[in-house]
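Here is a short briefing to read with the model open beside you.

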Amino acid sequence: MRAFLTLWRRELATYFRGPLAYVVTVFFLVVTGFNFWFLINLLASARGVGAQVMTQLFGSLFFWIPFLVVVPVLTMRLLAEEWRYGTYETLVTAPITEVQVVLAKYAGALTLFVLMWAPTLSYAYILERFSAESTPMDPGTLMGGYAGTFLVGGFFLAIGLLCSALTRNQVVSALACFAMMSLAFIAGFLHYISPNPLVREVTGYCSAVAHMLEFSRGIIDTRPVVLYVTGTALVLFAAIRALEWRRW
């Protein structure tokens with residue numbers, strides 16, 4: 001446990017020692033802030049504005065744009081940088097295992113991801129404080145939106161970590177992660193546009209877009225929760241096996 005905590009702190013320190021964490025966080029907050037401002041102006045005269053804004057905030061295109069950009073940037077250096085600079089050999093000579101390395105690096109990226117989303121909690125206060133609606137905002141929609149963001153983000157971060165474990169080049173890692181996330185994002189729209197009922201049903205079970213819309217309405221189904229938890233575990237296991245293979 002001590003080795004894991006040491007590596008986790010090392011990853012967070014690496015992010016904040018350079019400009020990466022600050023640049024990515026500013027970009028993320030600018031895009032999400034613009035999204036919130038745009039939706040507030042669009043829905044200001046509508047009834048039930050709080051619930052509608054939360055649905056749009058976690059289901060609009062502006063929600064996915066920073067997702068598709070931020071996750072590859074956060075994960076591209078996790079293991080590819082270790083391979084490129086030859087520091088991984090030094091890392092594995094310490095009394096730690098590949099499991100601890102993968103979990104610590106994943107926890108570091110996930111912690112920064114959560115910290116980036118933390119300031120957006122102020123949107124709920126702004127909406128509650130300045131909305132003309134007398135009915136308070138439903139906390140279920142807020143909790144559901146953030147729960148879905150955490151699950152989907154954790155899964156995509158695991159994919160980015162796996163891509164970083166398979167290459168020495170950070171750019172290749174980022175592009176591979178972006179391509180896989182974009183494929184999953186585009187495939188999710190088949191649930192809405194496909195004329196085939198079977199395709200709509202199958203893609204409905206794995207569509208991150210549909211899942212986020214449900215979460216933002218306060219609907220927490222156990223099926224997508226199990227999907228993302230098990231999917232994250234499987235991808236992290238694949239990253240551990242990739243490290244073991246490269247080590248030998």
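Which residues line the largest cavity? In this predicted model, the lining is made up of Thr32, Asn35, Leu57, Phe63, Trp117, Thr120 and Tyr123.

**The cavity**
- The structure holds 1 cavity of 30 Å³ or more, and the volume of the largest cavity is about 30 Å³.
- By residue class, the lining of the largest cavity has 4 nonpolar and 3 polar members, and no charged ones.
- Among the lining residues you will find Trp117, Thr120 and Tyr123, along with Thr32 and Asn35.

**The chain as a whole**
- The chain has 248 residues, and 46% of them count as buried.
- Helix α9 covers residues 139–165 and helix α13 covers residues 208–216.
- The two helices pack with their axes 7 Å apart, at an angle of about 150 degrees.
- An angle over 145 degrees counts as roughly antiparallel, and α9 and α13 are therefore roughly antiparallel to each other.
- On the α9 side, the contact is made by Thr141, Gly144, Gly145, Gly148, Thr149, Leu151 and Val152.
- On the α13 side, Ala208, Met212, Phe215 and Ser216 make the contact.
- Taken together, the residues of this contact divide into 5 nonpolar and 6 polar, with no charged residue.

**Two loop residues to look up**
- Leu166 sits in the loop between α9 and α10, the latter being residues 170–188.
- Leu166 counts as exposed because its relative accessibility is 56%, and the cut-off for exposed is over 50%.
- Leu166 and Ala80 are 86 residues apart in sequence, while their C-alpha atoms are 7.7 Å apart in space.
- Arg217 belongs to the loop between α13 and α14, where α14 spans 222–247.
- With a relative accessible area of 47%, Arg217 is partly exposed.
- Arg217 and Met143 are separated by 74 residues in sequence and by 9.5 Å in space, C-alpha to C-alpha.

Notes
Residues numbered from 1 in each chain as written. Predicted model: local features only at pLDDT ≥ 70, side-chain atom pairs only at ≥ 80, totals over all residues. Heavy atoms only, no water. Axes fitted to C-alpha atoms, helices over the stretch in contact; angles between N-to-C directions. Helix = DSSP H or I, 4+ residues; strand = E, 2+ residues; numbered from the N terminus. Parallel < 35°, antiparallel > 145°, perpendicular 65-115°, else oblique. Contact = heavy atoms within 4.5 Å. Nonpolar A, V, L, I, M, F, W, Y, C, P; charged D, E, K, R; others polar. 1 Å grid on protein atoms, 1.4 Å probe; cavity = no way out; pocket = protein on both sides within 12 Å on 5 of 7 lines; lining within 4 Å. Points joined across faces, edges and corners; volume = space filled by probe spheres on them. Buried < 20%, exposed > 50% of the residue type's maximum accessible area, 1.4 Å probe, protein only.
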